[in-house]
Amino acid sequence: MSYNEAETRFYLIDPVLRGKGYNEHWKLKLETPAPVEPTGAKGRRRPGAGRTDYLLCVHVGTMPKPFPVAVIEAKAETEDPLKGMQQAKGYADCSRFHVQYVFATNGHRYGEFDRRLQMPNGPFPFADFLTHDELTARYATDTGVDITKPEASMLFMADSTFAKPRYYQDAAVRSAFEKIIRCEQAGNPARVLLSLATGSGKTIIAANLLWRMHEAGRLTKPALFLCDRDELREQAIEKIARAFPSGSVRIVKTEGGRNAARNAKVHIATYQTLGLDDTDHHYASFLTEHYPEDSFSVIIIDECHRSAWGRWAEVLRRNSNAVHIGLTATPRQLHESQQKTQEDADITANNLAYFGEPVYEYTLIEAQEDGYLAACEIVRLKPSIDWNTFTREDVIALRPIDARTGRPMAPEGLKEKYAAKTFDDDLLFQKRIAAMCQDLFQRLCEHGGPEQKVIIFCTRDLHADRVQMQMQRLYAEWCRQKGVTPKEHYAFKCTSEGGSDLIEQMRGSGERCFIACTVDLLATGIDIERLNAVVFFRYLESSITFYQMVGRGTRIHEETQKYKFWLYDYTGVTALFGTDFITPPLKPSRKKRKGGGGGDDEEEGDGPPVPEIVSGQVVSITPQGRFILQRREGRDVPVPVDEYRREMVARVLREAATIHDFRALWVETQKRRQLINHLLGEHYSPDTVRELMDMVECDHFDLFAHFGYRESALKRRERETAYLTREAHWFASVDSKAAIVLQGIGHQFGVGGTEALESEWLWDVPEIKQAGGLTALRMLGKPADVMREAKVRLFGI
């Protein structure tokens, strides 16, 4: 009898590797949570376990931690070791785990994928597999990193005990260390860029990176963690301080005329604290007063994708011998965008030119597939008025008033034209705002109720005021109709004009502060794990700003079982998914009249009059489709639900060309589960499609039969009834107890579908158990054959 995968690993693979010099630390087991799916109002974790992977490690001397160099995949003893070793999979595994090789073996032969050569190879006899020393030497040759030298010791340092890193966090740290070593070996300044999705734990990466460098004796001078928001500074001190002994991590500030962090191992500062927020480049202040040149051994720039070059360049110039590490949430794979802003161009160009290409990337889609970040369902909508462009004469005919004073607007105070992208900024339509708020409120009611945590991104403070008022009025009327007491601060404005004091209540309480209406203030630096929806009532051109805003919804909140966030797009901004981050610039200004490229909201002041149209326009909201976010050719792509469904069905048709073939496959438990696993492995979720097609009362069989073979789709209860009616003569022809069991099979299908028929709990159902269960079926033949016949009759209807 041949071995399965686990047995192959234990009996055939492990002994060979031990004989090749791999000690007890050679194998690192990695497990991820079950993936998340955008099914239901809050999403869900997919039933079952997540992914389990094993990394092959090498070890040097008495170092405290082994070093992963490859993924090692065990195959069943009789399986081809080259199966699945195509280039795409090999490269994806190497990149995701930041290893150089992928090995697959059935215990007798093995195949490999080499990241440097970009190709699979083999099979070779497993008895000839590389020894520990040979693999160590090969790794040094292929990567340029000799892990046996003292300067490589930080690769083997243990992580801080405050938080066990996830696999991608450890991979990011290792990739940073490898580049540092290569730069130092070549005599070049060490400059590193890490790109990970918002919510993936970049601060934890920074904490473990600094701790391991400290343990390797690399922090001979203090380290500096530099960010641009007080909220990020507080997050950093909370996490990094837990990695180090008490007092080793301090916030940079003035205490008694001195630097409070002067004796700390890690200094945490904002640009503002160091005096780097002066747009006229008058650097001096705290930085030059308290820190001479070359004060730091390592400098980490947090969220460098949104930091203007002039803000953080000076501290880097004054510490040119330090290791410089940039943390960013923007992907590297950039594609040409029709909408461009110079601010994006400058940031991207400066980051890439200074740090180089990211040495490690972990995307939003990968994090969703791993079950670490929430899934996303995109709903695109468009106000009917946004297809129009209004001339000055059109606006005059609508009798505009000054939005602030209510006085009539004179023609000379109007612009020549107003396109949709200027609505709510240069021209306000009361009925447009009301229609968008009404549509959003209705959708919240339909998908979980109005008391959800939501951020609405508005165009400016004037707009946010009106959106807040409309949402509050809609909620108050809903409460009146339901006869319930309204909760406090249902909708509130949160901009530079106020409201930030309510964020903590929005984050922590389920009883108040639900709808935050903002411009830019909540775009970054605010973690609200229970956030259910991100809403765009504003137009955007900056891809960087867009990704920052979307990132507000990506956290999972286990306590409320939030595994999904809704992205309601009323202005077409989701077209920015996967677009170029190189986008005509906004000239720097001390004061911005509105929120623009991603910084904090600025005071509007009085400003010029803003025309507002109170009546005369009928506005409706037109649905533009629902979308699933997927990764296609290195890009984040919103895939229309119909396209997603067609692709999934096409995958099923490759397995079963006709409905007859499909029925034959479906009644075989192992084949059916294999098909579902193939779909899930290719990131197609039948449950998600079933829900989006309004077929939640149908079994997966009817979903595929209807869309793949044009069969009528029956609900589970309808198929149960048809089975019990049509097969009455069969039940009458068999023993009465067997008949009860066969009828019970139909009843259970009506309750839980095909899965219920293949569950071990089927035989504990009272009516089936009392009739004898499997014993009763044995009177008709082998129970497995009888079950198969019952399924054939059930699905043959």
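Two strands pair if DSSP finds at least two bridges between them, and strands (E, at least two residues) and helices (H or I, at least four residues) are DSSP runs numbered from the N terminus. In this predicted model, local features need pLDDT of at least 70, side-chain atom pairs count only at pLDDT 80 or more, and totals for chains, interfaces and linings use all residues. Residues are numbered from 1 along each chain as its sequence is written, and side-chain values use heavy atoms, with hydrogens and water left out.

Strand β10 (residues 223-227) pairs with β15 in the parallel sense over four bridges, and L224 stands opposite I299 in β15. Strand β16 (residues 323-328) also runs parallel to β15, joined by four bridges; here I300 faces I325 in β16.

Strand β15 (residues 298-301) is covered on both faces. V298 and I300 on one side, and I299 and I301 on the other, are all buried (under 20% relative accessible area, 1.4 Å probe, protein chains only).

## Packing of helices α18 and α21

Helix α18 (residues 659-666) packs against helix α21 (residues 700-709) at an angle of about 160°, with the axes 11 Å apart. Axes are lines fitted to C-alpha atoms over the stretch in contact, and angles run from 0 to 180 degrees between N-to-C directions. The two helices, α18 and α21, are therefore roughly antiparallel (over 145 degrees).

In α18, the residues I659, F662, R663 and W666 meet H700, F701, F704, A705 and Y709 of α21 (contact means heavy atoms within 4.5 Å). By class, this contact of α18 with α21 has seven nonpolar, one polar and one charged residues; Ala, Val, Leu, Ile, Met, Phe, Trp, Tyr, Cys and Pro count as nonpolar, Asp, Glu, Lys and Arg as charged, and the others, Gly among them, as polar.

Definitions and conventions
Buried means under 20% relative accessible area, exposed over 50%, partly exposed in between (1.4 Å probe, protein chains only). Angles under 35 degrees count as roughly parallel, over 145 as roughly antiparallel, 65 to 115 as roughly perpendicular and the rest as oblique.
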